[in-house]
Amino acid sequence: MTCELPLGNSSAINTHDTALILWTGSRDLVLSLPSFTMPAYHSIFLEDRDVPVIGNFPVLPLRTRTRGPAYTLPTLPPGADLDVQPDNESYDCVDEIISLFRANVLFRNFEINGPADRMLIYGTLFITECLGKVKPTMAARDAEKALNNVALDSFAIPGDASFPLNQAFEPPRDRQDAETLRSYISQVRQEIATRLHARLYPGGVGPSKFWLSFTKRKFMGKSF
């Protein structure tokens, strides 16, 4: 029986290789290894032209109960699937960040096509930070506390000396904008932490080894 198996490439994270495998029953025999370059996934919210920005960071709508400057999208009905589809009126940038994380985190290079891509970059880096706080033996409640703590911890925003991507992110123009941006990013961080926890512990069981396998990946070679 033959199948295709994706293989990682440690020397070139921005490539995805596919090997043709022959299953022999006792071992796998690699027959061929064609290589091709795959582009990173960009935000669909680049199409939204009227999104307000602070510096060049977008203030996109959020599906959240956390108070802050974000425009609030409708909540999902009880029992709704965690994976919200882009055509759903409740689909937001956090849904996109989580759905694209496992593909985009493999890339060292990412071309920024607009403000919404900066949200994608920020969220991807923050998920990596969150995964680093969850240990393989953690109970769901302990992981929830750890993720909430990292979401609420003091954090740098564009323009701060400790922000790792100042070369691609413009600072807020004044103190008021900085406070608004910090409040908005706090909303984003809390939503990511909450929704990521649901995926790490589906049905309260976990943490997911599949998600934790991405803990040591560094998107663009950066980290918070």
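Colleague: Which residues of helix 2 meet helix 4?

Modeller: In this predicted model, the helix 2 side of the contact consists of M119, Y122, G123, F126, I127, E129, C130 and L131. Facing them in helix 4 are Y184, I185, V188, R189, I192, A193, L196 and L200. By class, that contact has 13 nonpolar residues, one polar and two charged.

Colleague: How should I read such a pattern of positions along a helix?

Modeller: An α-helix has 3.6 residues a turn, so residues three or four places apart point the same way.

Colleague: And what describes the way two helices pack?

Modeller: The general idea is that two packed helices are described by the angle between their axes and the distance between the axes. Here, helix 2 and helix 4 pack at an angle of about 50°, and their axes are 10 Å apart. Helix 2 and helix 4 are therefore oblique to each other, and their crossing is right-handed.

Colleague: At what angle does helix 2 pack with helix 3?

Modeller: The angle between helix 2 and helix 3 (residues 140–152) is about 135°, with 10 Å between the axes. This pair is therefore oblique, and the crossing is right-handed. On the helix 2 side you will find F126, E129 and C130, which meet L147, V150 and A151 of helix 3. Five of the residues in this contact are nonpolar, none is polar and one is charged.

Colleague: Let me try a single residue. Is T124 buried or exposed?

Modeller: T124 sits in helix 2. Its relative accessibility is 0%, so T124 counts as buried. The T124 side chain reaches the backbone oxygen of L120 at 2.7 Å. Beyond its neighbours within four places in sequence, T124 is in contact with I97, F101, V105 and F219.

Colleague: I97 and F101 take me to helix 1. Why is helix 1 described as largely enclosed?

Modeller: Helix 1 covers residues 93–104, and nine of its twelve residues are buried, so the rest of the structure largely encloses it. The buried ones are C93, V94, D95, E96, I97, I98, L100, F101 and N104.

Colleague: Which helices do those buried residues pack against?

Modeller: They pack against helix 2 (115–131), helix 4 (175–200) and helix 5 (209–212).

Colleague: One last stop: what is found at the start of helix 1?

Modeller: Look for D92 there: one of its side-chain oxygens comes to within 3.2 Å of the backbone nitrogen of V94. V94 is also among the buried residues of helix 1.

Notes: Residues are numbered from 1 along each chain as its sequence is written. This is a predicted model: local features need pLDDT of at least 70, side-chain atom pairs count only at pLDDT 80 or more; totals for chains, interfaces and linings use all residues. Side-chain values use heavy atoms; hydrogens and water are left out. Buried means under 20% relative accessible area, exposed over 50%, partly exposed in between (1.4 Å probe, protein chains only). Helices (H or I, at least four residues) and strands (E, at least two) are DSSP runs, numbered from the N terminus. Contact means heavy atoms within 4.5 Å. A polar contact is a pair of N or O atoms within 3.5 Å; within protein, one must be able to donate a hydrogen and the other to accept it, and residues adjacent in sequence count only if both atoms are side-chain atoms. Axes are lines fitted to C-alpha atoms, for helices over the stretch in contact, and angles run from 0 to 180 degrees between N-to-C directions. Angles under 35 degrees count as roughly parallel, over 145 as roughly antiparallel, 65 to 115 as roughly perpendicular and the rest as oblique. A crossing is left-handed if the near helix is turned anticlockwise from the far one by less than a right angle, and right-handed if clockwise. Ala, Val, Leu, Ile, Met, Phe, Trp, Tyr, Cys and Pro count as nonpolar, Asp, Glu, Lys and Arg as charged, and the others, Gly among them, as polar.
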